[in-house]
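Welcome! Take a moment to turn the model around on your screen, and then let us walk through it together.

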Amino acid sequence: MNDFDMNGIDIPERPGFEASLPMMLYRVLDAIMPAYRALFAEYGLTEQQWRVLRTLWDNESLSSTDVAARTLIPAASLVGVLDRLERKGLIARIRSVEDRRVVIAKLTAEGRALERQIAPRLDDIQASVRACVSPEQWQALTQILKEFEAGPRPGASQEEDRQHA
């Protein structure tokens with residue numbers, strides 16, 4: 001049974017805890033991440049280190065600010081992640097000549113070699129995850145997740161957000 005607010009507008013029932021979006025997303029991560037974590041562990045990598053490497057595999061070099069934004073690793077935490085990757089010889093850090101406040105993380109030859117070793121196995125894991133749904137469902141899921149990531153537009157009604165999407 002639904003409730004109504006003071007203006008008589010129908011307020012939908014709140015989903016149960018298990019049906020809440022955050023819990024569903026956590027359960028999905030708990031289902032798929034063990035295979036990834038096992039692979040990372042074989043190569044002595046943490047999830048955060050892998051996220052940095054994965055970003056650099058696509059971009060070769062990025063400012064630490066860009067790495068933090070793309071990997072969702074807070075800048076303060078990223079420093080330690082970059083330190084460890086640099087000690088492993090997988091990245092190098094270079095101070096920008098244009099702006100000495102900017103530090104560039106650059107993939108090394110060893111970092112690229114690791115990509116060649118690990119990528120086929122990552123692709124296999126990704127394929128097994130994608131096999132859980134049809135190609136159409138995967139495409140729809142990707143689109144829906146992008147819409148959640150974009151979030152509601154400030155000041156827009158729910159209907160306007162749906163029409164904008």
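Helix α6 itself covers residues 135-150, which makes 16 residues. From its first C-alpha to its last it reaches 23 Å, close to the 22 Å expected at 1.5 Å a residue (the expected span is 1.5 Å times one less than the number of residues).

Before we go on, a word about the model: it is predicted, with local features needing pLDDT of at least 70 and side-chain atom pairs counting only at pLDDT 80 or more, while totals for chains, interfaces and linings use all residues. Residues are numbered from 1 along each chain as its sequence is written, and side-chain values use heavy atoms, leaving out hydrogens and water.

## The whole chain

The protein chain holds seven helices and five strands. Here helices (H or I, at least four residues) and strands (E, at least two) are DSSP runs, numbered from the N terminus. Read from that end, the order is β-β-α-α-β-α-α-β-β-α-α-α.

Of its 165 residues, 25% count as buried (buried means under 20% relative accessible area, with a 1.4 Å probe and protein chains only).

## The nonpolar core

Which residues have the most contacts inside the largest nonpolar core? They are V52 and L53, in a core of 26 residues. Such a core is a set of buried Ala, Val, Leu, Ile, Met, Phe, Trp, Tyr and Cys residues joined through side-chain atoms within 4.5 Å. Elements giving it two or more residues include α1 (21-42), α4 (75-87) and β5 (103-107). The largest share, five residues, comes from α2.

Now find L45, in the loop between α1 and α2. Is L45 buried or exposed? It is buried, because its relative accessible area is 7%. Leaving aside residues up to four places away in sequence, L45 touches F40, L53, L85, K88, L90, L114 and I118 (a contact means heavy atoms within 4.5 Å). L45 and L85 are 40 residues apart along the chain, yet their C-alpha atoms are separated by 8.8 Å.

## The largest pocket

The largest pocket has a volume of about 1800 Å³, the space filled by probe spheres set on grid points joined across faces, edges and corners. On a 1 Å grid over the protein atoms alone, a pocket is an open set of points where a 1.4 Å probe fits, with protein on both sides within 12 Å along at least five of seven lines; lining residues have an atom within 4 Å of a point.

Of the 36 lining residues, the closest to the centre are L29, I32, M33, Q126 and L145. Helix α1 gives the most to this lining, with 10 residues.

Conventions:
Buried < 20%, exposed > 50% of the residue type's maximum accessible area, 1.4 Å probe, protein only.
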